[in-house]
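The following paragraphs lead through the structure shown below, from its domains to its core, its sheets and the surroundings of its ligand.

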Amino acid sequence: MNIHPLLAGRTGGLKPSPIRKLNPLMRMPGMISLGGGYPNAQTFAFESLDVVFKSGRNFEIRDKAMDLACQYGPTGAHADLKPHIIKWHAAKDGVELKDEQIQVLNGAQEGLHTMAYLFLDQNDSVALSEPAYPGALGAFRAFTERFIPVPLDAQGMITAELERILGKRKTRGESLPKFIYEVPNGHNPAGVSLSLERRSHLLQIASRYDLLILEDDPYQLVQLEERDLLPTLQSLDREGRVVRLDSFSKIFAPGLRLGYASGPVEIIGYFQLYKQGANLHTSAMDQALLTGFFANHTDEEFRALIRENCRIYRRNRDAVVAAARKHLPDDVRYHVPAEGMFLWFEMPAGFDADRMVESDGLDLGVLLVPGSGFSTTAGLKNYMRASFSMIAPEQVEEGMIRFARMIERERKRR
Ligand SMILES: Cc1ncc(COP(=O)(O)O)c(C=O)c1O
């Protein structure tokens, strides 16, 4: 597809850094480099690092590997990490990425911001399912306040509704969104996943209206049931419309801030140009830690460890759902998630979750996130998001009892 009509005005101004361009040449054997202002590796503070993983495997970063982990590196990815990502991605999603199709990021969050930077001018809009991840809304809002919210149900975004909305806009001569933002698995906050049928439909719609799709998929492997993964939007895409964000936050360690964007070479090229200006590259030390993990575990072992970790989430989900069934009134509705970390509670119309948390959260000692933060218009007032990822099993019952009290207080206030 031709992405040029979709790019934001500012994106045309991105130019490659004259120094970064030399980076691959500087690393060539035999090259005497008086280029790049890199500090001398002899001056770095680190001698070696012993890393022991919970799996029992260990490895050491030292000598040349330590120099690389401490030194400035390529913008796209740490050279040793890239082959691992390519293999991981192919095994996981069945998509073979070329070198130029990968941009390592400071978490998927950086990808949300970058996509917005590259494509959104002030009058542009983004179509997304509502409720929406507030971190995405925040990233997009830095560039535009215009959203095209699409409702979702237990099967994810109601794509027939998206089709209807876009058809109407086209007929009226109104502008179309620059891209469709979707969290296809373990949606934050709704906890639903997009059905296979709707995945195909979403791609058909993007094709018909010539739009990009931003597939943000940090919960893909946070599976709470034994079932096969659904194909990613990227794997179903035949026209180069999908920019996909993978994250290592929920499956490795969020504090390392590691994720990657993958997609059409041209778009990933723009991601790289943007990153050169924003932060040069993702921490080489963090990339070295992930490289060490990949080097010491097969992809299947990594997947098995993730599945094992998901038992914690499954146990927590089951406990929270059981307590919700026991303590919450029947007019509070929710979907039992098969993926991700969230339960999305719908309370009766007229309930005001912000008021509930403000008035009673501290007093009752229970915290949930009010729905308005997940809305493009500060709506969704009668919704609350509960995360079950961190709750201690012994707190679950009491947590739901307190939430039930909060609901009763609000019922009286109404
Ligand atoms: C839907 C969604 N996208 C992106 C992110 C950010 O992920 P990362 O830690 O990789 O930046 C989150 C984090 O909670 C999320 O829920």
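In this predicted model, the domain assignment divides the chain into domain 1 (62-296) and domain 2 (302-413). The C-alpha centres of domain 1 and domain 2 are 27 Å apart. Their contact draws on 24 residues from domain 1 and 22 residues from domain 2. On the side of domain 1 that touches domain 2, α5 (134-141) and β5 (146-153) each contribute at least two residues. Sorted by class, that side of domain 1 comprises 15 nonpolar, seven polar and two charged residues.

The largest nonpolar core contains 101 residues, and A116, F179 and I213 have the most contacts inside it. Helix α4 (residues 107-119) provides the largest share of this core, namely seven residues. Because domain 1 (62-296) and domain 2 (302-413) both give residues to this core, it lies between them. For A116, when neighbours within four places in sequence are left aside, the contacts are A139, F140, A142 and F143.

Another open sheet has three strands in the order β11-β13-β12, and its pairing is antiparallel. β11 (342-346) and β12 (369-370) are at the edges with a single partner strand each, so one side of each has no neighbour in the sheet. Two bridges join β12 to strand β13 (residues 383-387) in the antiparallel sense. M384 in β13 is the bridge partner of P370. In general terms, the strands of a sheet pair through backbone hydrogen bonds, in either a parallel or an antiparallel manner.

The ligand remains to be described. It is surrounded by 13 residues, of which G107, A108, Q109, S247 and S249 are the closest. By class, the shell around the ligand consists of five nonpolar, seven polar and one charged residues.

Definitions and conventions. Residues numbered from 1 in each chain as written. Predicted model: local features only at pLDDT ≥ 70, side-chain atom pairs only at ≥ 80, totals over all residues. Core = buried A, V, L, I, M, F, W, Y, C linked by C-beta atoms within 7 Å. Buried ≥ 20, exposed ≤ 12 C-beta atoms within 10 Å, placed from the backbone. Helix = DSSP H or I, 4+ residues; strand = E, 2+ residues; numbered from the N terminus. Domains from an automatic or database assignment. Contact = placed C-beta atoms within 7 Å. Pairing = 2+ DSSP bridges. Near = placed C-beta within 6 Å. Nonpolar A, V, L, I, M, F, W, Y, C, P; charged D, E, K, R; others polar.
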